[in-house]
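Reader: Could you pick one part of this model and go through its surroundings slowly? I'd like the cut-offs spelled out as you go.

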Amino acid sequence: MQIDAITRKSSLPAILLLVVVAVAALVRMTCAPYDMEIAETPFRERTISVICAFLLLLATSLAVGRLFMSTGLSKSFCTLPIPIFGILAWGVAVPPQILSSMVVALLFAMALLLLCRSINRTDERNSVFVGGVLLGTMPLFDPIFVILVVAIPLVALLFTLNMRQIFIAVVGYLLPLFLASYVVWYGGGDIDDVAANITAQLTMPREFAMTHIPFGAIVLSVWVVAMGVWGIVYAILKPNKMFLVARLRRTLYLFVLLAVVMAAMLFVPNCGLSLLPVAAVVGAVLISFVLSLLPTRDSTIAYWILLALFVAHLFVE
């Protein structure tokens, strides 16, 4: 069996590898939490919340795998996004609000999956509406994700949605926020309490500082970025026929721009570790694309280095 067969041939080994990664991260968090995890909140989630978050991790990883395949970024059947999502979501650090962060990650993965269905389909309405609703629900769990509303104009520009689809997406995005505002108003609050709370939370700093980031997390993150740069350089030096297809180029641009937006979100005062699982949705797609683009030997080496750094990070903070 080839060394890369564990992630390229069957879904079962990829899912089992994801389970191993998730369990290892949870055991590490229980026995030796990182300083930045404790700095954000000293309280641990209940066992039932951790179990539910684990199940959501599995569901989100499958959604990311489906997203990667449905966008056409893979030349063939590929299960790389499944374990890579687990490494990026929980490998760097496990969010203390583990359950809510995984709910938001699943919402984001499903929203992108639905919005990407609108590619070159001017008659697509339901997917655009539901995708907007899922994006609009995310800020109700964590206000910082209101920034990801930029996904709608990016999809509209790159995939040339018509005015009807744009209007449907915007209405879908605003619907959860209006419903939440109505519930608050019905309960005796002001109609603008939800909007005011989101605005206030965005400017409120969390107990998290760059000095709390462990060395292992930095090395793992640097390698992920290096893999992305490696893919860009390889694509420039050896252009692939995939880049001749406008739809695939625009899809790739969407994920690259979303990755840039999430990198910028690190500088928002309210940013915390809950960003990691959401950013892992985009990161898993991009890294999987890079690995599928590179020659088999190079992608195999890069992938196993990523796994080795994750294992090392479990023992070296």
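Author: Let's start with the partners of Ile198: skipping neighbours within four places in sequence, Ile198 is in contact with Pro139, Pro143, Val146 and Leu177, where contact means heavy atoms within 4.5 Å. Keep in mind that this is a predicted model, so local features need pLDDT of at least 70 and side-chain atom pairs count only at pLDDT 80 or more, while totals for chains, interfaces and linings use all residues. Residues are numbered from 1 along each chain as its sequence is written, and side-chain values use heavy atoms, with hydrogens and water left out.

Ile198 sits in helix H10 (residues 193-202); helices (H or I, at least four residues) are DSSP runs numbered from the N terminus. Ile198 is buried, at 11% relative accessible area, since buried means under 20%, exposed over 50% and partly exposed in between (1.4 Å probe, protein chains only). Phe85 is 113 residues away from Ile198 along the chain, with 28 Å between their C-alpha atoms.

Now over to Thr71, in the loop between H4 and helix H5 (81-91). Thr71 counts as buried too, with 1% relative accessibility. Beyond four places in sequence, its contacts are Cys116, Arg247, Leu248, Thr251 and Phe255.

Helix H4 (residues 47-70) has its own packing story with helix H6 (residues 98-115): their axes come within 9 Å and cross at roughly 20°. Those axes are lines fitted to C-alpha atoms over the stretch in contact, with angles running from 0 to 180 degrees between N-to-C directions. H4 and H6 are therefore roughly parallel, the label for angles under 35 degrees. By class, their contact has 19 nonpolar, 3 polar and 1 charged residues; here Ala, Val, Leu, Ile, Met, Phe, Trp, Tyr, Cys and Pro are nonpolar, Asp, Glu, Lys and Arg charged, and the others, Gly among them, polar.

What about the core? In the largest nonpolar core, which has 106 residues, Trp90 and Phe108 touch the most other members. Such a core is a set of buried Ala, Val, Leu, Ile, Met, Phe, Trp, Tyr and Cys residues joined through side-chain atoms within 4.5 Å. Helix H13 (residues 275-293) gives the most to this core, with 13 residues. Outside four places in sequence, contacts of Trp90 include Ala53, Phe54 and Leu57.

One more stop in H13: Ser288 belongs to that helix and is buried, with 0% relative accessible area. Its contacts beyond four places in sequence are Phe68, Leu80, Pro81 and Ile84.

Technical notes
Helices (H or I, at least four residues) and strands (E, at least two) are DSSP runs, numbered from the N terminus. Angles under 35 degrees count as roughly parallel, over 145 as roughly antiparallel, 65 to 115 as roughly perpendicular and the rest as oblique.
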